[in-house]
Each structure stands twice: as C-alpha cells, then as structure tokens.
Amino acid sequence: METLLNPSKTPNLFIPKTHLFKPYFLHSNFNPQPHSSFNRRPLSITITCKVKTSQGRKNDGKNISKKIVLTDSAPELSNEEIKAKPKGGGKAWGVIKKFPKRVLAILSNLPLAIGEMFTVAGLMALGTAIDQGESPEYYFQKYPEENPIFGFFTWRWVLTLGFDHMFSSPVFLGTLILLGTSLMACTYTTQIPLVKVARRWSFLQSADSIRKQEFSDTLPQASVSDLGVILMGAGYEVFLKGPSLYAFKGLAGRFAPIGVHLAMLLIMAGGTLSATGSFRGSVTVPQGLNFVMGDVLGPTGFLSTPTEAFNTEVHVNKFYMDYYDSGEVSQFHTDLSLFDMNGKEVMRKTLSVNDPLRYGGITIYQTDWSFSALQILKDGEGPFNLAMAPLTINGDKKLFGTFLPVGDTDSSNVKGISMLARDLQSIVLYDKQGKFAGVRRPNSKLPIEIDGTKIVIVDAIGSSGLDLKTDPGVPAVYAGFGALMLTTCISYLSHAQIWALQDGTTVIVGGKTNRAKAEFPDEMNRLLDQVPEIVESSISKKPDNIGG
Amino acid sequence: MIFSTLEHILTHISFSVVSIVITIHFLTLFLLVDEVVGLYDSSEKGMIVTFFCITGLLVTRWIYSGHFPLSDLYESLIFLSWGFSLIHMVSYLKFKKHKNNLSAITAPSAIFTQGFATSGLLTKMHQSAILAPALQSQWLMMHVSMMVLGYAALLCGSLLSVALLVITIRKAIKIIGENNNFAFSFGKIQYMNERSNVLLNTYFLSSKNYYRYQLTQQLDRWSYRIISLGFIFLTIGILSGAVWANEAWGSYWNWDPKETWAFITWTIFAIYFHTRTNTNLEGVNSALVVSMGFLIIWICYFGVNLLGIGLHSYGSFTLN
C-alpha cells in the first residue's frame, strides 16, 4: 500500500513513497499520530514499503508488499506473508517444475515488455524509411559500402537482417512473437491475480488507515448508513459491516486491461492464420471474357488448402464507369456472373469499388480497370477490334492509345491514324501528320473523316481489374478488433473505492481511484455534502463502536 | 456561390477571433493582469465563438460539396482545429468552477493548425475536390474523423506533458544551482528524477513551490485523462481503417507508411500507459515518452503525406 501526501486539513503521518526504505534526511516534522482510543494500546507506527528480496521475484513476479509493524511488545511471528516454497519430491523434478515458473517470471517483466514495444516501433519506423521489396542491386546503389550512412550502415546490414522485406523478416516476426509471449505471461501472472484482489471486499478497521487514503474527510454528526444510502444513489455498490463501510464503483475498469490483452492475442492469432492459410490473386479481364477462380488464386502460406468453390467460372458481362460532370471518374462497375462446374449460374452481381462480391469464402474486389480494345468501322467495313496499349502512366492518370495504319502497311515508315483515350468516354483522334483531328464518343456513332478515311467509333471495350482473395483468419481478426475497441473504451472507466468508519458520532471517510484522479475530490465533496447532519437530540445509540 | 462566400466569411471570423483570444492569453501571462476576470471571461467567450464558427465552416463545406468534409489535407486540418476547440469546450463545460489552464494549450493549437491550413502554402486545396472512387464509402466518416479527433486529443495531452517536463526540469536546474556545494550533484539529478513527486513534497513549505507542485500534479492528471481518451479514438480509428481496407482493397493491413506510423503512434502511447502502472517510472519518465509521442504524431500525420506514396496518397501535397 503506497501512500501519498494528501492535502487534507488533518495532521498526517509524513510517509515518503520509497522503493527501498532510506532514512529521509528532512523529516524533522515527523509526528506520529496518537491513537484516539481509550484502550491501552502500544504506540504502533506502521511503515509500509515494498521490499525487494535479493532473489528477485520469488512469488511468480508479484510484488507483495510486506507490512513491518513496530510495537513495544515482541513482534508476533507472522508467517502468512513469507511463504516457504514447498519442496517437491526429488531435486530434478523440482528444477523442471521451477523452469516454466522462472521463464514466466522473466517474460512478465514490465521493462522487458516496454523494451520489446520500443524495438517493434523502431523496426517499423526503419521499415518505412528503407524502400521495401526492391532488387538487391537497388540496395547496393542506395547504401553503398564506400559511403555508409551514419558511418556503418551499408547494404550488407539491409540484406542480411532482412530489412528489404522488413515486415516478414525473421527479426521483426521474432520480436512480435516475443511480445506475444510476454503478453500471455503478463496476463497470466499479474493481471489474473489482480482480478482476485480487486473483487475482495476489504474493510478497513482503523481510522488511521482511512485517513491515509488519497482523499479523506471527516463528517461530524453523521451516520454511516446515511452515507451508504447516498453512495448507493450515486451508483456505488455498498457493503456495511457493523460500523465500517466499503463501497466501490466501476470495477469493470480493472478488468478491461485484461480484455485488451486477450483481444490483442486474438488479433495476433488471426493474423498468423491469415498469413499462413490464405489465397490471393489478381486478374485483368476484358469485357465478355471469363476465367476460372482456381487459375488465378495462389497460396500464400503452408496452411492454404483450396476449396470446392475454386472451380467456379467467372464471366464478365459488362464493365462500365460513372463520370462526374467535370469528366473525372467517379466509380467503376463490373457486372459478373458466376457459373459452377455444371454450367449453372449460381450468382450474378455488379461489383464496384467498396462493394465486393462474396461467394463460397472467396471475395472478389474491384480494384482497377484497363482499356482492352476499340471497336471501329473503317469506310463502312468492320467492325475491327484495335487493341489499346497503355502509354506512360502518371500516377492515377491513365492513357491508352492505338494505331490504325493507312496506306501501304508493309513499308517501314507506315503512317496512320492514332487514337488516344484517357477513359472509356471519349476518344481523341489524330491524323497522319499527328495533328489533332477530332473527339468522338463511342455511343454517338458519328463518323469522322480523316485524310479521306471515314471512321466510326462503335464501342470502347474496357477490362476490369479484379482482386480475388480468400482469408480464413478474417473472422478471428474481426472478433479481435471488436473486442479491442470495446475493452479499450471500458478501460477508460475509473475504479473508485470508498471506505468509511463510524467513530462515535463522526464518520471518517477515505477513498481512492485509479484513473480519474482529477475529478475524484470534487465528486466526493459533492456526495459528502449531501449526507444529512444529525441533530443532537436524535442520537440514541451508545458510543461503543469506536474504531480501533 | 453563397456557400463559398459564407465559408470564406466563417474562416476569417474564426481565424481572427482565435488570434484575439491568444493575444488576451499572452497579455495575462506577461503583464500579469491575472485578476482581471472580465478578460478571462471574454477569452472563454472567444473560444466558444471560434468553436461555432469552425463548426459552421465544416457544415457549409459538407453541404456545398456533398461529401463529408474530410477528403484531403486541408479539410483534415480544419477538422483538427475543430477537434481542439471541441476539447476546450468540453473541459470548459465540465469544470466551470476552476480556472482552466487547458485553454493555454488548445487555443494556440487551434490557431496554428487553422492558420497553416488557410495560409498560402495550400492554396490550391481550398476548393472542395471530387472524391475518388475508393473514398466513396460510409467508412470515410468514421475512420478519418476518429483518427483526427484522436490526434487532437493526443496532441493536447502531449503538450500538457511537455509543459510538465519543462516545469520539472526548470525546477531541477534551480535546485542544482542552489545546492552547488552538494558533492553528489549528479546523483541528485538521478535521485530527483526518480522521486520527483517526493522531492517536490519536501519543498512544499514554501507556498510558491506548493502551487508549482499542485500545478504539476494537475497537469499530470489532466494529461493522463486526455491521452486515455485520445488513445481510445486512435484505436477505433486504426481498427475501422483496417476493416475499411479489407472491404475496399482486400487486405486489412498492408504495411502502408501511414498505417505503419499510426501503429507506431499507438505503440508509443501504449508504452506510456505501461510506464504509468509502475509508480517508480511515473512522472518524468512517462512525460518523456509522451514527448516522443508528440513528434511521432506529427510525422504520422504530416511527414508521411510529404512522401506522397502508398495507399493514403489522397492526403499528399507538395510545397510550392
């Protein structure tokens, strides 16, 4: 039990918050509190501190605070705190038994966990600074041995430690696994016992221990049961035993961190399953063609097993785009039909970005588009399909072009009509000299005359860029996400505990809280103001319940 | 047309009001006219006016462009300054009795972010842009608003902790100066770092130091509460972003630079909470972690956008 200096009006024992008990050189105002009891009791000064034994952590990593009570009489032998480890049968068996406990104790060490988290953060930062997934020559050039960064960082560091694929490198994954085991160890050794402690109702029997709380106050002319009623009205759970009272609120705030850790473990497990057992693939399909899912999907890990749904055939019925008034692309849509092995249509849906298709555990996403071919009529003949090729792409802006040769097609310097398009909406045509000739929309069927040739743009055939994926870990990961969000919110709640003792006609109240330390005194004052003051004449009970 | 002029008017009003509020704060600070309550009241009213102005600005933009006002960097900066003024409003309404030190942090933050947004650096982004297909989703509202609110709360809390650090370190320098003949002065810094609360306790006999102790305690508690709130928003933002990515692109985590840096920010603040569980490391050490967090948030929010690559390239810009 640690104590803090609390700014209350009653004189207080000056207890420093120490890790090891050191004689404090400025304690000239050390006033031991005289006991207000009529029984003859030895003067007892209670000093509590955390004692670190030389063996480190003896009791599963818990820091049990040992109470040292100095009294006039001989100290009683209290062997409840000092637990002797029972010897198991046989020395070797004892060593084996102790091994997991020691490993557990090492893993649940908090500074180690903090160090691991720092390492993970540092590695991730490094992973964004170093370009990922490039060829080795790129790293030879960027981090040359002749001129190392910071004086030592060359491509050798990058390639041997696997920093070019940081997020799947052994160093990073190893640190994550270590963090996961620390999480599990910490939850098991520290937090679950905390649950047991927090749930116990602990009544404080002495007025001194109540006064030592973070917040404490004295109510003259009051009764503890009135206080209990007021606290119940404010949402506390109140327990009364004789003259003493214990109330708490917001116990969920103590359990929620455990939930956070468990949620994180669930997410890590789901992520591992995703990494080892999913299938992934992408394909660009021109409108009107089809593909089989199994041909496109490739496994990502050793646990990947294909399912029956992989035999489904996907047919692209139509691919079209929506445009804003300014001409920018607003959305792309693909109309898909799925056929099973017997040729029966099992599903038909129009996909768009942010609206994927789900079938048999496989999800199809609309991610990209391309221009497959331009269908034209030349001098009334056709229709001819001219394949469109992608030209230099600036970021998101795409440009496709095709070429219709005119005249002698066997000569080396063949000339013709060029057609460029940025999207499926309008085609820009250029003549033999490369001069701009006109713009046509595919659906208008308006002919254009270029150098004596009449061209009619019939249709612009696009192709749809689809990503396929199957991921068995997604349900676990989503469950983990939901649990993490919920438990993080709950751990914001503050666990407040209040103790009170009826001492004659006065009630001594003390309380503490673990999170909302700033608002707690105000809330307490507000509640205590509501406790009614008992006028003299209505007191009928004898002052025999004096807190000791 | 009317909407864009309304937007302009609201921008200018909020900008000027916030500058007036800051001027008032600096006046109270430097001219020590602390007791002029009327001045304090008017600064509070100024912040309320700012809050309503920025809210009006965002709503106008929403109606005008047809999509939630969070599609590019300019809009997210306005949203960030709205977040700061919202935090100020909430703390003002909750603690009407006490004089709120928080406004010294939130008001300058609001004005700096808004000032940067409206300044000449990002002029080409003032017009509402058209939403790319990938951004046309309900998730946009939840993910980006949670992230930006989380950033606002975390930045506030970090600034409070930095203030705490500044006060504590200035005290340390003063103590070192006063005890020059103490042989183990280096050991004293160590001792003081570990037991900053206790050492401040011993000097509470002097009333000035008592107030300073009260102030550091208050700053510490406020920063803890605000950072907890910010952490919740950040968690929800990151996770909703992951779910959205799964719906849109097929994978919930792509190690995209912005995602990675958001995760690094989350990790640093998780470290902060863990340092606070151990009372030995409380106080100065946790404040140091938070100061790191402050820098990391700016890298995550701004620095990554300067790179302009990856899936989050909508927020990128070039300084011209």
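The model is predicted, with local features needing pLDDT of at least 70 and side-chain atom pairs counting only at pLDDT 80 or more, while totals for chains, interfaces and linings use all residues. Residues are numbered from 1 along each chain as its sequence is written, and chains are lettered from A in the order in which they are written.

On one hand, β10(A) is joined by ten bridges to strand β9 (residues 313-323) of chain A, and the two run antiparallel; strands here are DSSP runs of E of at least two residues, numbered from the N terminus, and two of them pair if DSSP finds at least two bridges between them. A:Y323 has A:V329 in β10(A) as its bridge partner, and the hairpin formed by β9(A) and β10(A) leaves five residues between them, with A:G327 in the turn at a positive phi of about 100°.

Seven bridges also connect β10(A) to strand β11 (residues 345-352) of chain A, again in antiparallel fashion, and A:D335 is partnered by A:T350 in β11(A). In this hairpin, with five residues between the strands, A:G343 adopts a positive phi near 90°.

Elsewhere in chain A, five strands form an open antiparallel sheet in the order β3-β23-β22-β5-β4. Because β3 (215-219) and β4 (237-241) of chain A stand at the edges with a single partner strand each, one side of each is left without a neighbour in the sheet.

Methods
Side-chain values use heavy atoms; hydrogens and water are left out. Helices (H or I, at least four residues) and strands (E, at least two) are DSSP runs, numbered from the N terminus.
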